Amino acid sequence: MREKFIYALGSLGALALVANMYNIFLVLPDEANQGAIYRIIFFHVPAAIIAFTFFFVALICSVAFLAFKSSKADAVAVASTEVGVVFAIVNLVTGSIWGRNIWGIWWTWDYRITSMFVCVLLYLGYLIMRPAITDPTQRGTLSAVLSIFAFCDVPIVWFSIRWWRTQHPGPVLETGGLPHAMAMALLYNFIALLMIGTALVLVRLRSEHVQREIESLRRLALVEA
Amino acid sequence: MNAFGAAIAIARKDLRSELRSKEATNAAVSFALVILLILSFAFEPTGEEIHAMAGGLLWIVFAFSGTLILNRTFARELQNDALEALIAAPVPGWALFLGKAASSMVMMLVVELVSLPVFAIFYGVTLVWTLAPVILLGTWALVVVGVSFSALTVNVQLREVMLPLLIYPTLVPALIASMMLTGNLLDGQTFSGDNITWLRLLVGFDIIYTALAVTLIDIVLVG
């Protein structure tokens with residue numbers, strides 16, 4: 001049942017993505033100033049929001065783990081962090097490609113870009129530290145604390161384009177600066193990518209459960225031997 | 001003994017043992033000098049643009065040599081299972097944290113006091129008194145994050161690798177603010193305009209992470 005749900009969600013997201021791509025590449029017109037390259041926004045912005053959503057889920061699950069010591073919360077936290085890091089990297093790479101076209105450079109040490117990069121580094125540190133701790137309870141506790149520390153960076157990324165004058169384009173979503181058709185395309189693509197991302201988290205969650213089962217069986221075997 | 005007394009006792013114990021062995025501060029001071037030497041090859045050390053880079057240089061030295069001290073903060077308790085005893089002692093976690101942070105702060109300041117004049121001589125920079133609050137606030141940021149992560153990684157395999165991997169990304173907002181402020185102040189500016197924004201970021205960082213560390217330290221140490 002559960003496996004079927006993952007497959008269904010993943011294929012639904014993939015189908016929606018194909019439909020969106022048709023709309024984005026063939027229906028929507030070029031943007032007046034930027035030309036064709038502006039279309040990267042339909043992947044760049046959703047990737048960032050989805051990454052932050054997963055980091056936020058990881059934060060909630062980490063707090064929940066500290067409060068209730070449920071290993072399920074820890075598993076969800078690590079699964080969503082991992083997928084969140086992937087989306088954050090997608091965000092950085094798409095942004096870099098856009099920057100090469102519009103600014104003529106692949107990278108600039110702008111506050112928003114730097115803070116997003118720091119965010120990726122923090123969560124990579126989280127993923128690197130986990131395997132270094134053998135005891136599952138200790139691993140959960142320490143990673144939960146680390147996740148809380150790491151999340152402090154997310155608001156800085158989010159607000160950086162308001163706090164400082166950055167090279168990164170200003171906010172377009174809240175100010176309504178986007179034409180209706182483009183805003184809708186952005187929303188649809190966000191939903192499609194979120195479905196795929198959620199499917200990935202569920203897949204990762206399964207492998208985490210299997211991993212734990214193997215670990216506990218191994219311990220059992222060691223006790224009996 | 002109340003909790004503050006316990007914190008002071010822990011700090012004094014750490015400082016006394018450091019004063020006798022000098023293992024962390026000696027290493028940190030010499031490492032700071034080595035970094036100052038190596039950085040001089042990266043660009044023209046007496047050139048005009050040195051003022052623009054001085055802030056960054058100084059904080060790279062502080063942050064890198066600081067890890068040598070912060071790495072030891074909890075690791076020094078591993079011998080003879082002293083850490084277990086410390087956790088079992090009737091002392092609240094936050095007092096333990098504050099004691100550890102205070103002793104690390106003193107050691108860091110000692111290293112900084114030694115490397116500051118050397119830095120000024122090597123790179124032809126004139127030091128100003130307005131730097132003092134920036135150095136105190138920036139060092140506190142280093143110490144708070146460093147001591148928390150030192151507690152976090154004390155029982156982890158590859159502890160020495162983990163700590164730098166975790167603290168530098170976390171410290172980035174504080175380091176940027178300290179670097180900018182130091183550079184601007186060495187350039188003759190005062191606390192106004194953009195510098196106030198940087199100062200706010202630095203103070204905000206200190207407050208948020210001190211609060212987080214004091215709240216979470218019990219969970220980190222006891223589990």
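Predicted model: local features only at pLDDT ≥ 70, side-chain atom pairs only at ≥ 80, totals over all residues.

Reader: Ok, so how many helices and strands does chain B have?
Author: Eight helices and zero strands. Going along the sequence, chain B reads α-α-α-α-α-α-α-α.

Reader: And what's the radius of gyration of chain B?
Author: It's 18 Å for chain B, close to the 17 Å the globule rule gives for 223 residues, so chain B is as compact as a globular protein of that length. Along the principal axes, its C-alpha atoms fill a box of roughly 55 × 35 × 30 Å.

Reader: What percentage of the residues in chain B is buried?
Author: 43% of the 223 residues. As for contacts between residues at least 6 apart in sequence, 87% of those in chain B join residues at least 24 apart.

Reader: Switching to the interface: how many residues of chain A are in contact with chain B?
Author: 19 residues of chain A, and they meet 18 residues of chain B. On the chain A side, α4 (111-129) and α5 (136-151) each supply at least two residues. The largest share is from α5(A), with eight residues.

Reader: How does that side of chain A divide into nonpolar, polar and charged?
Author: 15 nonpolar, four polar and no charged residues on the side of chain A that touches chain B.

Reader: Nice. Which residues touch the most other members in the largest nonpolar core?
Author: A:A51, A:L146, B:A141, B:V144 and B:L171, out of 116 residues in that core. Helix α7 (residues 159-186) of chain B gives the largest share of this core, 15 residues.

Reader: What does B:V144 touch, then?
Author: Not counting residues up to four places away in sequence, B:V144 touches B:A101, B:D206, B:Y209, B:T210 and B:A213.

Reader: Last one: where is B:T130 found?
Author: B:T130 is in the loop of chain B between α5 (93-123) and α6 (131-153). Setting aside neighbours within four places in sequence, B:T130 is in contact with B:L185, B:T190 and B:F191.

Reader: Why does B:T130 count as partly exposed?
Author: Because B:T130 has 17 other C-beta atoms within 10 Å, and partly exposed is what lies between the cut-offs of 12 or fewer for exposed and 20 or more for buried.

Reader: And how far apart are B:T130 and B:L142 in space?
Author: 19 Å, C-alpha to C-alpha, with B:T130 and B:L142 twelve residues apart in sequence.

Definitions and conventions
Residues numbered from 1 in each chain as written. Chains lettered and ligands numbered in written order. Helix = DSSP H or I, 4+ residues; strand = E, 2+ residues; numbered from the N terminus. Contact = placed C-beta atoms within 7 Å. Nonpolar A, V, L, I, M, F, W, Y, C, P; charged D, E, K, R; others polar. Rg over C-alpha atoms; globule rule 2.2 N^0.38 Å. Core = buried A, V, L, I, M, F, W, Y, C linked by C-beta atoms within 7 Å.
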